[in-house]
Amino acid sequence: ILHDISLSALPREMVAIVGTSGAGKSTLLDALNGFRPATTGTVLLNGRDYYREFAAMRLLVGYVPQTDVVHRELTTERALTYAARLRLTGDHTEEEQRTRVAAVLDEVGLSDRREVPIHQLSGGQIKRVSMGVELLTRPNLFFLDEPTSGLDPGYERIVMELLRDLANQDRTVVLITHATQNIELCDHVAFMASGGYLAFFGPPKAALEYFEVTEYPGIYARLQHASDTAGLAERFQQHDAYQRYVQARLPLAPTVEVSSSATAGPLPGPAPVAALSQ
């Protein structure tokens with residue numbers, strides 16, 4: 001469903017994937033995070049083949065799906081505590097786990113809601129609990145599938161600002177979003193067209209200039225009514241913006257990177273959690 005898509009996300013960057021229904025947004029996100037690996041192409045993390053070394057790299061990556069998977073009958077603190085006991089490697093003491101849970105509660109702004117059952121929280125707060133579960137392992141790369149879906153404009157802004165703060169802490173954040181009113185909090189945006197084509201990748205304001213519109217909903221309208229989405233992708237690949245925002249950000253060809261990573265030897269995997277603890 002994806003056609004010839006190349007892009008990059010650098011440290012301290014927040015990258016949004018947006019587009020119309022059927023544009024392949026979730027497919028692209030899942031191909032990048034390894035949940036549904038692509039059948040062709042390469043995903044590189046720090047210059048290493050992510051698919052090949054997935055087991056060793058998985059603790060570097062956090063993924064928050066669109067559907068919240070936290071236990072709603074638990075309190076916020078207890079849910080994170082159980083997650084810490086399962087996710088943190090065996091060399092973490094109980095005190096270190098408690099310290100990490102407290103730090104994550106503060107990071108997602110839920111320290112004052114630690115004793116509240118999750119089912120009593122607002123939609124935006126529940127989403128932040130899901131984010132907190134993933135943040136326990138201090139991921140360098142953070143993927144989120146529509147984290148603002150179903151939220152009112154106020155909470156939508158809060159979640160987007162939280163993600164901006166996370167990116168500023170030397171993380172790379174990649175998300176699917178429809179929150180165009182907050183899209184300028186992102187460093188780069190990938191606009192997807194129907195059928196899995198990349199219509200544009202670059203800074204939000206550059207997208208306005210490229211599509212010759214004054215507001216971001218106007219880009220949606222252009223993509224929605226496009227009859228030749230393959231032509232949109234071809235036009236972008238022939239534009240100066242493609243050289244500036246795609247090719248110039250890829251320092252080496254993927255074949256060179258994969259070759260060098262293969263000779264560097266596999267990374268050590270994470271320490272296992274004991275079966276009895278699980």
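Two strands count as paired if DSSP finds at least two bridges between them. In this predicted model, that rule gives an open sheet of 6 strands in the order β4-β5-β6-β1-β7-β8, with mixed pairing. Strands β4 and β8 (197-202) stand at the edges and have a single partner strand each, so one side of each is left without a neighbour in the sheet. From one strand to the next, the twist averages 15 degrees.

Within the sheet, strand β5 (residues 141-145) and strand β6 (residues 172-176) run parallel and are joined by 5 bridges; Phe143, for example, has Val174 in β6 as its bridge partner.

**Helices on the sheet**

Helix α5 packs on the sheet, where α5 touches β4 and β5, and the direction of α5 makes about 160 degrees with that of β4. Helix α8 (residues 216-224) lies across β1 (14-19), β7 (188-193) and β8, and runs at about 25 degrees to β7.

Is Lys127 buried or exposed? With a relative accessibility of 4%, Lys127 counts as buried, and, leaving aside neighbours within four places in sequence, Lys127 is in contact with Val64, Pro65, Gln66, Asp68, Glu146 and Pro147.

**Aromatic pairs**

A pair of aromatic rings is described by the distance of the centres and the angle of the planes. The model holds 11 aromatic pairs, and two of them are set out below.

| Pair | Centre to centre | Angle between planes | Arrangement |
|---|---|---|---|
| Phe35 and Tyr63 | 5.8 Å | 45 degrees | tilted |
| Tyr210 and Phe236 | 5.9 Å | 80 degrees | edge-to-face |

Phe35 lies in the loop between α1 (25-33) and β2 (44-45), while Tyr63 belongs to strand β4 (residues 61-64), so this pair ties together parts that are 28 residues apart in sequence. Phe35 is exposed, with a relative accessible area of 57%, whereas Tyr63, at 19% relative accessibility, counts as buried because the cut-off for buried is under 20%.

In the other pair, Tyr210 comes from helix α7 (residues 204-211) and Phe236 from helix α9 (residues 229-237), so parts that are 26 residues apart in sequence are tied together. Both Tyr210 and Phe236 are buried. These two residues also belong to a cluster, linked by ring pairs, that includes Phe191, Phe200, Phe211, Tyr242 and Tyr245. Over the ring of Tyr210 sits the charged end of Arg235, 4.4 Å from the ring centre.

Terms used
Residues numbered from 1 in each chain as written. Predicted model: local features only at pLDDT ≥ 70, side-chain atom pairs only at ≥ 80, totals over all residues. Heavy atoms only, no water. Phe/Tyr/Trp six-rings, centres within 6.5 Å; stacked < 30°, edge-to-face > 60°. Helix = DSSP H or I, 4+ residues; strand = E, 2+ residues; numbered from the N terminus. Buried < 20%, exposed > 50% of the residue type's maximum accessible area, 1.4 Å probe, protein only. Lys NZ or Arg CZ within 6 Å of the ring centre and 35° of its normal. Contact = heavy atoms within 4.5 Å. Axes fitted to C-alpha atoms, helices over the stretch in contact; angles between N-to-C directions.
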